[in-house]
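This briefing gathers computed features of the structure shown below, arranged by topic for a reader who wishes to follow them in the coordinates.

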Amino acid sequence: MERKAGAAGMTRLPQIALLADGRRLHLQDGPIDLIIEARGREGDIREAYAAASRRFTGLLDELCAELPELRKAASPVQTPLKGVIARRMHAAVRPFAADCFITPMAAVAGSVAEEILGAMLGAASLDSAYVNNGGDIALHLGDGEQFTVGLMDRPDRNGALQTMVIRASDRARGIATSGRHGRSFSLGIADAVTVLARTASQADAAATIIANAVDLPGHAAVQRCRADSLQPDSDLGPRLVTREVGALSPAEVVAALDAGAVCARQWLGAGLIEAAALRLCGETMIVRTKDVRRRTNELHELAVA
Amino acid sequence: MVTETAAATDKIRCDACPVMCYIKPGAAGACDRYANHDGKLVRVDPHIILERTVEHGGRLVPFQATGDWDGKIVHQPDTFVTAIGAGTTYPDYKPAPFIVSSEVDGVDMVTVVTEGIFSYCGVKVKIDTDRYLGPEQATVRAQGEAVGHVTTSEYGSQMLSLGGVHHLTGGSKKEGRVTCDALMDLSNCKPVELSIDGGATVIVQAGQPPVVNGAREERMRVGCGSATIGMFAKQWHGKVDEVVVVDDHITGVLSEHQAGKLLDIADTGIKMKGRRSTPGRYFQVADPGTGWGGTNISDPLSILGPFDAKEARPGLTMLMVSTTGEHASYYVLDEALRPVQTEIPTPLQQSVERIQENCEPALCTVLFMAGAGGSLRAGVTDNPVRLTRSVKDALTRVTSGGAPVYVWPGGGITFMVDVTQMPAGAFGYVPTPALVAPIEFTLKLSDYAALGGHMDYVRPLSSLKDSSDIRPLPWSAKPGRRA
């Protein structure tokens, strides 16, 4: 495929801007959109943002240099990847690679978020900070600090379904969400699986795996098609990804969520995740250390009644 | 910059970034910013990720016309590279997408084309109608959301000021979105229904007659009632004893008016309601409305008191006509000096038609107004204020989609442009919300260098000919008549 040169000599640079609130930093390059907020002394925030911008510049090119390898199924043993972010991606997916198909791309968003957060913390001392890469979030919490996460099913509407508070004393420093509505394809049918893990890259990889596990294999109401028929260079290749989920009975919804919860509990037990919230057709199932709870919304109760 | 090469399969390779997505028709790349639309790489809403819902890559914002293109590449020197589809970033820290040089009259000219993201923007709408649209300062709404206000009345027209940063970003999210939609539709010459608090509902479309409360306005008034008397007094002289030109602003009465006096037209004993301004000129004969001459009346006799028996006489004739000639009635006083409507005699009917003929077609005109005072200038030059100064000094010509603009005096580069002069689909938006409009700066190459231009990025126009960066647009031959 022939490539035509872009505008002669023009170097592609990321977009770097403070958002309208003057507090948060927005970095964008190609498919990467980061929303960043640091709290602390003003000078430190400035230093941190400068460091984030410096690290972000050229980051996409660095990743793309190894894109073919990143799109291949990860080996559970070793990797030829060189870049620090690429290696982090591989490390995040490796624990899952023995059991199922996964590529380092499953952890790309969280790994980038972690990298930028690391650059910020290396440059300045901050009370707290987050790097949100399209919903995959790397957190820094100083002593006594906390971070509130809201789960929303309709970002265009106000109001969170529920909120979780992550405290400095908790182990989680990464949050990620995966599902069939996301930017990348899902092998499962979950609307969203949100995972808390020690790092953003681990959360990202685990969310992908758990979202894939929320499934009703062979169900007639679930339309699937080959990933490469939608995106020719998808890392999922010919695997069937979910396009549409038709009407499911309440029992089927629970069955699909249970399948995901089994997977989530496995990784919880292995210490790879801290908690997970699985959502499908208005039902939410929470998996965390002590219990498995299912929240049934009123509409569903009415439907069953 | 984005280029594309159509493969046999119609999949295209996007090179907007190093991911180099291979995109199928109808699909978007990994970034959701670029998509394959019928084999063409198009930019979708550049910030769609912040707002995307389940409709994966579903919304395409038309940055360029998809109309018939004869396949010709750009021609010098008639070709003017517009900024439409040039793309931009915000803030504009990097050189504008196209900086093109061409030679005009032997002088090497540079045109910097970019699309500006304007949150400080709006439209000024002029609606040619005498009908009452609403009180000054009244809120103008689209889909129930406040999008602007009624401002001054002008001669035969009512002005609206819509948009602006307060409606776009200062109110609720919905207000901002609806305002943005209304501005974009109006700027792209599409019809928009607006309702005015305490007034009318009007459908506005640039270059088209307004539709006020469901009635399509055909003509502007020829002048106010008094002016109409002045213009037609001679033509009425000897054919009728009295003429009343009904007008919401100034209703004219022939026999009392200076023009009538000069023709020695006798008093008729007519008694007008309303407030007399000067002889033969009356304010406030009725309330404003969508009836005769922009008043609320449907029976013109309702603005008359009884005729004065001292001067009036049975058989006296009277024409009542609106300022557009749209309404006209003819009366003869009976024995009790009451006006009785009868058929309009032919010579008077002709004068009514003459009034109609002198009324210009009523149109809505939409001027897009925006300020390019901010970072957009940095995409043009290293030293933004020099661009502003250069525009002020008339060394740099500013155009929008190739259309001439009026640049306001004073600080910044605040300009207005007639949207009907711009190519179709010139406007887009980002969900900030803000409008995306093309803007081009043309100046001498030497001046460009002097003001700190991005000389490294200047490309000769000829170099664009083979580039698929360029999508030549057919110029809209009939302004304001677009799909």
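In this predicted model, Pro135(B) is exposed, because 12 other C-beta atoms lie within 10 Å of its own and a residue with 12 or fewer is classed in that way. Pro135(B) belongs to the loop that links β7 and β8 of chain B. The points below begin with this loop and then turn to the chains, the strands, the helices and the cores.

- Not counting residues up to four places away in sequence, Pro135(B) touches Val150(B), Gly198(B) and Gly199(B).
- Between the C-alpha atoms of Pro135(B) and Thr152(B), which stand 17 residues apart along the chain, the separation is 9.4 Å.

**The two chains**

- Chain B contains seven helices and 29 strands, and of its 483 residues 52% are buried.
- Of the contacts in chain B with a separation of 6 or more, 63% are between residues 24 or more positions apart.
- Chain A contains nine helices and 14 strands, and of its 305 residues 46% are buried.
- In chain A, 56% of the contacts between residues at least 6 apart in sequence join residues at least 24 apart.

- Strand β20 (residues 328–333) of chain B is largely enclosed by the rest of the structure, because five of its six residues are buried.
- Strand β19 (residues 317–322) of chain B runs antiparallel to β20(B) and is joined to it by five bridges; the bridge partner of Val321(B) in β20(B) is Ala328(B).
- The hairpin formed by β19(B) and β20(B) has five residues between the strands, and Gly325(B) in its turn has a positive phi of about 75°.
- Strand β21 (residues 339–342) of chain B also runs antiparallel to β20(B), with four bridges joining the two, and the bridge partner of Tyr331(B) in β21(B) is Gln341(B).
- A hairpin is likewise formed by β20(B) and β21(B), with five residues between them and with Leu337(B) in the turn.

- Most residues other than glycine have a negative phi.
- Leu337(B), in the loop between β20 and β21 of chain B, has a positive phi near 65°; with 16 other C-beta atoms within 10 Å, Leu337(B) is partly exposed.
- Asn213(B) has a positive phi near 45° and is found in the loop between β13 (211–212) and β14 of chain B.
- Asn213(B) has 15 C-beta neighbours inside 10 Å and so counts as partly exposed.

**Packing of two helices in chain B**

- Helix α3 (residues 225–236) of chain B packs against helix α5 (residues 346–357) of chain B at an angle of about 150°, with the axes 11 Å apart, and the crossing of α3(B) past α5(B) is right-handed.
- On the side of α3(B), Thr228(B), Phe232(B), Gln235(B) and Trp236(B) meet Ser351(B), Arg354(B) and Ile355(B) of α5(B).
- By class, this contact is made up of three nonpolar, three polar and one charged residues.

**Nonpolar cores**

- The largest nonpolar core has 99 residues, and those with the most contacts inside it are Val243(B), Leu319(B), Phe368(B), Leu435(B) and Ala437(B).
- Apart from that core lies another, of 86 residues, which includes Ala107(A), Val131(A), Val222(A) and Ala261(A).
- Phe368(B) touches Cys121(B), Val123(B), Ser187(B), Met416(B), Val417(B), Val419(B) and Ala437(B), not counting residues up to four places away in sequence.

How values were computed
Residues numbered from 1 in each chain as written. Chains lettered and ligands numbered in written order. Predicted model: local features only at pLDDT ≥ 70, side-chain atom pairs only at ≥ 80, totals over all residues. Buried ≥ 20, exposed ≤ 12 C-beta atoms within 10 Å, placed from the backbone. Pairing = 2+ DSSP bridges. Core = buried A, V, L, I, M, F, W, Y, C linked by C-beta atoms within 7 Å. Contact = placed C-beta atoms within 7 Å. Axes fitted to C-alpha atoms, helices over the stretch in contact; angles between N-to-C directions. Left-handed = near helix turned anticlockwise from the far one by under 90°. Nonpolar A, V, L, I, M, F, W, Y, C, P; charged D, E, K, R; others polar.
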